Amino acid sequence: MSDAAAILESPPPERPKLQTRDFAIIFGVSMATAMGNTGLQSVLPTIGRRIGIHDELVSAIFSLSALLWAFSSPFWARMSDEWGRKPLMLIGLSGFAVSMTLCGFVVSAGLRHLAAPMIIFGLFLLARAIFGLFGAASNPATQAFVAERTRPEDRTQSMSTLAGAFSLGTVIGPVVAPLFILGALDYAGPLFAFAGIAVVMLVVVVRFLKEARPAARAVIDPGQAEVSTAPGKKPTPLWRDQRLIPFLIYGFLVATCQTAQGQTLGFLIIDKVHQQLPDLNPRQILKVAQEYIEVAMVAGAIAGLLAQWGLIRMFRMTPKQLLRWGAGLAALGNVLVAVSPDYALAVVGYAISSLGFSFARPGFTAGASLSVPMKDQAKAAGAIAAVNGVNVILAPLAVSLYHFNGPAPFLVNGAVLLGLLVFAFRQPLLSTVGTSPSSDEDALAATLERSDEG
């Protein structure tokens, strides 16, 4: 009897359960990272204009780290299978803390004009790149940790709750960031504070997160046992895996639109404040605009929490529904921002967009997880983390387009998202995933097997 046949005849190992304390720690890891990133994003336009760094270069600071995040995520996903999920979370938190600390020192030097703006920009780029290389380790580890401890029919709800950590972080980050703009630290204060929060979470993970290596990771999926054990058979490359490609396309475009909107929002608000309050001097304009940016980001984050902790659970929405509602609402919100004559309608549009993106993200994350067997959960999580990172390299183009024509990036977003709405209806996997959660893993494997035979 072959090894594959023996595995098929043996009873499946019991799936490890997701303990409440463990999930709370995982939630805290994701929230700490989201707090720091969105807190930095909320103050970065002001920092850039105070130091004298051009707007496109400000957005490029995120682009290099995002590119490194995209390339390193699949590697860290593979390492999480070998080393375990907990060590990868520790690597990610350490990378985030070190990066934020160095960014804080660079911003301090820039605000004191200790070096030319382009030198500060280069140092900022390198400090942020550390997060892209090492901070990426925690994201696939947390997703895989949750996925392998939840049943398929419960996974969408668990993924949406985990995504709620990001939304909660985006609420807290912009709100608390101004509290740390103190004395000599000035705008570097929030960065040092977020680094400290990451260190606290690092200690919590070390002391309290217990990870017994799940036996389910070693399970060979019945539908793929022959393929997995065939001599000389190489695994399908990540970007050619037919089970994941539709979700990666959808996820990349959604994340690109969300990043383009988020990166241009701060500059849009600064410019609208300048138009509405022309008598203020530049420093006063930046101060008022910073308060408005925080209000807008909090409104968007609250909309995200409403989606991920309220509506998704209340209506037990499936990935198929999330993919459709997400693209449609995000398209509507972007159009409203594009046509907004003032700050108020721009905030409303941003909140509606955030509601849509908060449907779409758990939709393609849970859909990708449900489309692969348990042994490939880290692979799926790494792929999703990669597309969530690589999209940011296009952010400087969105900022340039904004300077060319203010409404243009939001109108382009609206057109792309409407296209994704059609894609979500017509693409076979996107239009069927989640219709029968308890059997999705087997049904999707069978569907792909039939399509390969055809």
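**Reading the model**

Guide: Let us begin with a pair of helices: helix 10 passes helix 15 in a right-handed crossing. A crossing is called right-handed if the near helix is turned clockwise from the far one by less than a right angle, and left-handed if anticlockwise. Please note that this is a predicted model, in which local features need pLDDT of at least 70 and side-chain atom pairs count only at pLDDT 80 or more, while totals for chains, interfaces and linings use all residues. Residues are numbered from 1 along each chain as its sequence is written, and side-chain values use heavy atoms, with hydrogens and water left out.

Visitor: At what angle do the axes of helix 10 and helix 15 cross?

Guide: Two packed helices are described by the angle between their axes and the distance between the axes. Here the axes of helix 10 (residues 245-276) and helix 15 (residues 395-404) cross at roughly 35 degrees and come within 8 Å. Axes are lines fitted to C-alpha atoms, for helices over the stretch in contact, and angles run from 0 to 180 degrees between N-to-C directions. Helix 10 contributes Thr259, Ala260, Gln263, Thr264, Phe267, Leu268 and Asp271 to the contact, and helix 15 contributes Ala395, Ala398, Val399 and Tyr402. Contact means heavy atoms within 4.5 Å.

Visitor: How many residues of this contact are nonpolar, polar and charged?

Guide: The contact of helix 10 with helix 15 has 7 nonpolar, 3 polar and 1 charged. In this division Ala, Val, Leu, Ile, Met, Phe, Trp, Tyr, Cys and Pro count as nonpolar, Asp, Glu, Lys and Arg as charged, and the others, Gly among them, as polar.

Visitor: How many helices and strands are there in the chain?

Guide: The chain has 18 helices and 0 strands. Helices (H or I, at least four residues) and strands (E, at least two) are DSSP runs, numbered from the N terminus. Of the 454 residues, 57% count as buried. Buried means under 20% relative accessible area, exposed over 50%, and partly exposed in between (1.4 Å probe, protein chains only). Among contacts between residues at least 6 apart in sequence, 85% join residues at least 24 apart.

Visitor: Is Ser42 buried or exposed?

Guide: Ser42 has a relative accessible area of 0%, and therefore counts as buried. Ser42 belongs to helix 2 (residues 20-51). A polar atom of the Ser42 side chain lies 2.7 Å from the backbone oxygen of Gly39. A polar contact is a pair of N or O atoms within 3.5 Å; within protein, one must be able to donate a hydrogen and the other to accept it, and residues adjacent in sequence count only if both atoms are side-chain atoms. Apart from neighbours within four places in sequence, Ser42 is in contact with Pro174, Ala177, Gln290, Ile293 and Met297.

Visitor: Where does Arg149 lie?

Guide: Arg149 is in the loop between helix 6 (138-147) and helix 7 (152-176). With a relative accessible area of 8%, Arg149 is buried. A polar atom of the Arg149 side chain lies 3.3 Å from the backbone oxygen of Phe145.

Visitor: Which residues does Met100 touch, not counting residues up to four places away in sequence?

Guide: Met100 touches Gly36, Asn37, Leu40, Arg128, Leu191 and Ala195. Met100 is placed in helix 4 (residues 85-111) and is buried at 2% relative accessibility. Its C-alpha atom is separated by 9.1 Å from that of Leu40, 60 residues apart along the chain.

Visitor: What is the phi of His113?

Guide: Most residues other than glycine have a negative phi, and most peptide bonds are trans. Phi of His113, however, is near 55 degrees, a positive value. His113 is found in the loop between helix 4 and helix 5 (117-134), and is exposed, with a relative accessible area of 55%. Arg316 also has a positive phi, of about 45 degrees; Arg316 is in the loop between helix 11 (282-314) and helix 12 (319-339).

Visitor: How many disulfides does the structure hold?

Guide: A disulfide is a covalent bond between the sulfur atoms of two cysteines. The structure holds 0 disulfides, taking as the criterion a pair of cysteine sulfur atoms within 2.5 Å. Cys103 is buried at 1% relative accessibility, and Cys257 is buried with a relative accessible area of 2%.
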